[in-house]
Amino acid sequence: MLTLKGVKVFNGEEFIENKDFHIELSSQEEKELNLDGMWILPGLIDTHTHLRDPGQLWREDVYSGTKAAAHGGITTVFAMPNTTPTIDTEQAVIYLKERAKEASADVKIVGAITKGRQGKELSEMGRMARAGVVGFSDDGAFLNDSALARHAMEYAYELGLPIISHCEEQYLKGGHMREGWYSTLYGVYPTPFAAESIAIAREIELSYLTKAHVHIAHISTKRSVELIRHAKADGINVTCDVCVHHLLFTDKDIEDYDTSKKINPPFPTEEDQKALYEGLEDGTIDAIITDHAPYAVHEKEVEFQAAPFGIIGFETLLNELFMVSKRGIKIEKLLSLVTSKPAKLYGMDGGTIESENPADFTVFDPNDEWIPSPQTLFSKSRNTPFLNKNLKGRVLATFHDGKKVYGDTKWKLM
Ligand SMILES: [Zn+2]
């Protein structure tokens, strides 16, 4: 038995101060660690990530990806299906499940809505549901065909699973940052906010028509927040999440043309970001995600317009939430959006600490610091604007399913 003394335990909603926390370990030895003021958090849940497995293993794989997750305190990840090949068959789901058995986190699989995410023909939705997917998404692409989207929602409703929708209207998309003052100033071809909100409006109407649960991924504009707030008030079964980096950066930050800041959806304008904060405060937004999207150094070391879209986020999630809290949202609220709230949203266990065993939690020191670098990151990729920056707060250890999945030197003893 290991006893962590004097810690602050987060139960999914609030901190319980100055507690002793007991962990059963396989070794018989009794041990005590004095961890005054450190945080014990339930293993974090990240419901939108790209593990690049199968087929894009130079960027990430199930093992490097979940090791990076554990290093960030995350013990449950949703793997999006935009892999090579696409996760669009029962067999592909079984393959990934098999790979994930040895992973450092619980990997939940999201199946594609359409074959190859091509938007032409529905995938094996029923068979994938039987194989255990937690939802369906053509993430990275919007399903333009509204009749097909309707059918997909009807099936998803019958199967009791959500459609996780990447909202981007087909003719308005294609820019490299959000349209506005700064896109003009920086000379970067932009995408207007309406590309997102038009697609969301369609999803809301189809959810109303079919009763399906439609979860809108990574909202980034004021109009998106307003539409979803309104739909929820009307009793429509729509939920949404926001990327943590959209709460920290705006379109102005593209000034250095750093390709690690090139993402989709793009950084919001200041006005849009303000609306995202309001959406967090009033409960319009149901979860915070990293959208961890690794790209190799050679893929991102190109000019801004040619770079692919994506940012890694597992290992800096808690540091970023800490920064967001400095802008006036309570840290407890932010932590609930990566623990108890996403667990409830998808009807999963976890996200709380009901008992200490089997251990599924992370130990975070809010006063320590660390620097993400090629030496310290567990991800295969480096595409983060926080590279070589000093960050406040550090994960000391993460336990998942009763086992230690990450620990710095102090924890090597165990
Ligand atoms: Zn997406």
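Helices (H or I, at least four residues) and strands (E, at least two) are DSSP runs, numbered from the N terminus. Residues are numbered from 1 along each chain as its sequence is written. The model is predicted: local features need pLDDT of at least 70 and side-chain atom pairs count only at pLDDT 80 or more, while totals for chains, interfaces and linings use all residues.

**Exercise 1. Now describe helix α6: what is its span, what covers its buried residues, and what comes just after it?**

Step 1. The expected span of a helix is 1.5 Å times one less than its number of residues. Helix α6 (194-210), with 17 residues, reaches 24 Å from first C-alpha to last, close to the expected 24 Å.

Step 2. A residue is buried if 20 or more other C-beta atoms, placed from the backbone, lie within 10 Å of its own. In α6 the buried residues include Ala199, Ile200, Glu203, Ile204 and Leu206.

Step 3. Their cover includes α4 (146-159), α7 (222-233) and β13 (238-243).

Step 4. Just after α6, lysine 211 has a positive phi of about 70 degrees.

**Exercise 2. Which strands does β15 pair with?**

Step 1. Pairing requires that DSSP finds at least two bridges between two strands.

Step 2. Strand β15 (361-370) runs antiparallel to β4 (39-42), with four bridges; leucine 41 has threonine 362 as its bridge partner.

Step 3. Seven bridges join β15 to β16 (391-400), also antiparallel, and valine 363 stands opposite alanine 397 there.

**Exercise 3. Finally, how many residues does the largest nonpolar core have?**

Step 1. Such a core is a set of buried Ala, Val, Leu, Ile, Met, Phe, Trp, Tyr and Cys residues joined through C-beta atoms within 7 Å.

Step 2. The largest has 107 residues, and those with the most contacts inside it include Ile40, Phe136 and Ile163.

Step 3. Apart from that core lies another, of five residues, among them Met177 and Phe267.

Methods. A residue is buried if 20 or more other C-beta atoms lie within 10 Å of its own, exposed if 12 or fewer, and partly exposed in between; C-beta atoms are placed from the backbone. Two residues are in contact if their C-beta atoms, placed from the backbone, lie within 7 Å.
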